[in-house]
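Take a walk through this protein fold, from its overall build to its side-chain pairings. Keep the structure open as you read.

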Amino acid sequence: MLTHLTFSPAPFASTCRNKTQFKVFAEKFPSFLPKEVENIKDPFARKLAAKIERLPVHVNFSESCIMSSVVKPLKPSKTSPVVLLHGFDSSCLEWRCTYPLLEEAGLETWAVDILGWGFSDLERLPPCNVTSKREHFYQLWKTYIKRPMILVGPSLGAAVAVDFAVNHPEAVENLVFIDASVYAEGTGNSAKLPNIIAYAGVYLLKSIPVRLYASILALNHTSFSTIIDWTNIGRLHCLYPWWEDATVSFMVSGGYNVSTQIEQVKQKTLIIWGEDDQIISSKLAVRLHCELPNAIIRQIPDCGHLPHVEKPSSVAKLIVEFIQENSILEPQLVSQR
């Protein structure tokens, strides 16, 4: 049970978004990361990248275990673990600015790469459809995390969280959604494309111009030099030789379609939304708030699609307050029985 949490925004958090010049520190990176990690300038990304490790996860759809990339907490805690997912075709490095703030607040914090994305070893390529992603995450949780968690899903990560919470409710205590992409009907026509066209589309997806354009859309009032560096961070995992195969596997499988599962989510949910999101309409935030049986919604002003990147202090504060409020309510409810 969570009883004591403190939150004081660290000085670096307020500057994470607007830095235009970075001092590059000599970090010792894991050998399995692409060598291009050395070119990353953002000191927060470099620091988090240095903490990534691979853990063996045994799954029922592969004869060999999957060496799965995560950032583990510094030490176990009596608090409910906070587990951070990421968005579509991204990695745990999305959390470079918010992760340290959650740790400083006393939370046991994990950042997990979803199967098929991030920095796991997929040389022996497993299927990367929704069922496999769910099974992989469940086995990782069952083996290492082991306790009901506060599951945090930004963008498509919210769809991953919905699917997981409905299928494994025993593993999820509460949910946090950030600019949630939960109303898309899977990967649409991509599921019907011939493989050669699917591979051509995926190859384009990792190109710098496409990634740069996506970053410009997603981020609000961020300098161009910062966007370039963050684009390189966002496509770092695409440099693995198996990335294209894994992404095509997901695209042709049909992807996530969780709109009919939303009303089955029983956990209390915090919805966080950037007021200036240019990718997902705030009308869908209102719809999601209405359809979830037990949810509260909070908006972050002057913020785009990635509040945990743009406004890490605000996101961390909202998550800490959400956990504090629920930890205070539970003993009261027990005492009234």
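Helices and strands here are DSSP runs: H or I over at least four residues for helices, E over at least two for strands, numbered from the N terminus. This is a predicted model, in which local features need pLDDT of at least 70, side-chain atom pairs count only at pLDDT 80 or more, and totals for chains, interfaces and linings use all residues. Residues are numbered from 1 along each chain as its sequence is written, and side-chain values use heavy atoms, with hydrogens and water left out.

Start with the loop between β1 (53–57) and β2 (66–71), where E63 is found. Residues are called buried under 20% relative accessible area, exposed over 50%, and partly exposed in between (1.4 Å probe, protein chains only). E63 has a relative accessible area of 89%, so this residue is exposed. R124 is 61 residues away from E63 in sequence, yet the two C-alpha atoms are 9.8 Å apart in space.

Now step back to the whole chain. It has 11 helices and eight strands. Of its 337 residues, 55% count as buried. A contact means heavy atoms within 4.5 Å. Among contacts with a separation of 6 or more, 75% join residues 24 or more positions apart. Accessible areas come from the Shrake-Rupley method with a 1.4 Å probe; for residues, only the protein chains shown count as cover. The chain exposes about 14900 Å², and carbon and sulfur atoms supply 55% of that area.

Next, the interior. In soluble globular proteins, nonpolar side chains tend to be buried together. A nonpolar core is a set of buried Ala, Val, Leu, Ile, Met, Phe, Trp, Tyr and Cys residues joined through side-chain atoms within 4.5 Å. The largest such core has 103 residues; M149, L151, V176, F177, V182, I272 and L288 have the most contacts inside it. Helix α4 (residues 156–167) gives the most to this core, with eight residues. Look at F177. Leaving aside its neighbours within four places in sequence, its contacts include G153, A158, V162, I272 and L292.

Some nonpolar side chains sit on the surface instead. Y213, L217 and I279 form a nonpolar patch there, with about 290 Å² of accessible area together. Patches are made of residues with over 30% relative accessible area and no salt bridge; like charges are joined within 9 Å, and nonpolar side chains (Val, Leu, Ile, Met, Phe, Trp, Tyr) within 5 Å. Y213 lies in helix α6 (residues 208–218). Its relative accessible area is 53%, so Y213 is exposed.

Two backbone positions deserve a look. D89 has a positive phi of about 45° although it is not a glycine. D89 is found in the loop between β3 (82–84) and α2 (99–104). This residue counts as buried because its relative accessibility is 2%. K146, also not a glycine, has a positive phi near 70°. K146 lies in the loop between α3 (130–145) and β5 (149–154). At 56% relative accessibility, K146 counts as exposed.

Turn to the aromatic rings. Rings of Phe, Tyr and Trp (its six-membered ring) pair if their centres lie within 6.5 Å; planes under 30 degrees apart count as stacked, over 60 as edge-to-face and the rest as tilted. The structure holds eight aromatic pairs. F88 and W117 are edge-to-face, because their ring centres are 5.4 Å apart and their planes stand at 75°. F88 lies in the loop between β3 and α2, and W117 in the loop between β4 (109–112) and α3, so the pair ties together parts that are 29 residues apart in sequence. F88 is partly exposed at 32%, whereas W117 is buried at 2%. Y240 and W242 form a stacked pair, 4.7 Å centre to centre with 10° between the planes.

Finish with charge. A salt bridge is a side-chain nitrogen of Lys or Arg within 4 Å of a carboxyl oxygen of Asp or Glu. The structure holds nine salt bridges. In one of them, R147 meets E108, the closest N and O atoms being 2.4 Å apart. R147 lies in the loop between α3 and β5 and E108 in the loop between α2 and β4, so this pair ties together parts that are 39 residues apart in sequence. R147 is partly exposed at 28%, whereas E108 is buried at 4%. Another salt bridge joins E321 and K317, with 2.5 Å between the closest N and O atoms. Both residues lie in helix α11 (residues 312–335), four residues apart, about one turn of the helix.
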